[in-house]
Structures are given as C-alpha cells and as structure tokens.
Amino acid sequence: CVSAEIAYARGYCSAECLEDHYKTVLDLGLPAYIPATMSIDMILKKIVMDKHFVKIPSMGLVAEIGEMAYDRERASFAFGIETEELVKSMEANMGRSMYCYSC
C-alpha cells in the first residue's frame, strides 16, 4: 500500500481510491502495512540493493482500483521514486497501522 500512498501524494489517485486500495488489500488477507519488525532504514537498504545497486527505485502506481497510472513522458507504467518521497509514504503507511514501531 506504500505505492498507493505515493500515487495519492502525486495526484494519480483520489483519497477514495487510496482508502479502497487499503480495504481491498486487507479484504484479500494480504499485508497492507509495513511490519513492526522492519524499519524504514532496513527497507531502504534492501530496495537500493535489490538485485543490483539502484539509485532511484521504480514502481507501478495505482490510478484507480484495477488501473495503473501511466507516465506519458516516459511511455511507461514504472515511476522513479526518490528516497524522500518513499520515506514519507512509508511513514504514512506506518501511521495507519496499529503496530508499535518504537517498542
């Protein structure tokens, strides 16, 4: 659901779509929140070193449930995500959960 947070922050999806995204993921029994056993630093280290060194990770972003946002400039469904934006979206995701990240 972090990617949905990014899509919302960028204006690709509405607040309603963001809420529907979380609800759908949870209704399917899938993990919607970053686990309490993981820190943002741990995730960033893994993403940057995923298969090879990546300066700017890419991901797909939701436009509507069942529809991906499209980057017309790059003619791609993949969007580069800067670290600061990724951190803000992970913090938003963690803020929605009922986990204690400081315990």
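The paragraphs below go through the cysteines, the salt bridges and a nonpolar surface patch of this predicted model. Local features need pLDDT of at least 70 and side-chain atom pairs count only at pLDDT 80 or more, whereas totals for chains, interfaces and linings use all residues. Residues are numbered from 1 along each chain as its sequence is written, and side-chain values use heavy atoms, with hydrogens and water left out.

The cysteines come first. A disulfide is a covalent bond between the sulfur atoms of two cysteines, and it is taken here as a pair of cysteine sulfur atoms within 2.5 Å. By a search of the whole structure, zero disulfides are found. For Cys-1, the closest cysteine sulfur is that of Cys-17, and because the two sulfurs are 11 Å apart, they are too far from each other for a bond. Cys-17 is likewise in no disulfide, its nearest cysteine sulfur being that of Cys-13, 4.0 Å away. Cys-1 counts as buried at 16% relative accessibility, where buried means under 20% relative accessible area, exposed means over 50%, and partly exposed lies in between (1.4 Å probe, protein chains only). Cys-17 is also buried, with a relative accessible area of 6%.

Side chains of opposite charge can pair when their charged atoms come close. The structure holds seven salt bridges, each being a side-chain nitrogen of Lys or Arg within 4 Å of a carboxyl oxygen of Asp or Glu. One of them joins Glu-19 to Arg-96, with 2.8 Å from N to O. Because Glu-19 lies in helix 2 (residues 15-27) and Arg-96 in helix 4 (residues 83-96), this pair ties together parts that are 77 residues apart in sequence; such helices are DSSP runs of H or I with at least four residues, strands are runs of E with at least two, and both are numbered from the N terminus. Glu-19 is partly exposed at 41%, as is Arg-96 at 30%.

Arg-74 takes part in a salt bridge with Asp-71 and in another with Glu-73, with a closest N to O distance of 3.7 Å for the Asp-71 pair and 3.7 Å for the Glu-73 pair. Asp-71 is buried at 11%, while Arg-74 is exposed at 59% and Glu-73 is exposed at 73%. Elsewhere, salt bridges that share partners join Glu-5, Glu-19 and Arg-96 into one network.

Finally, Met-68, Tyr-70 and Phe-77 make a nonpolar surface patch of about 300 Å². Tyr-70 sits in the loop between strand 3 (67-68) and strand 4 (78-80), and at 34% relative accessibility it counts as partly exposed.

Methods. Patches are made of residues with over 30% relative accessible area and no salt bridge: like charges are joined within 9 Å, nonpolar side chains (Val, Leu, Ile, Met, Phe, Trp, Tyr) within 5 Å. Accessible areas come from the Shrake-Rupley method with a 1.4 Å probe; for residues, only the protein chains shown count as cover.
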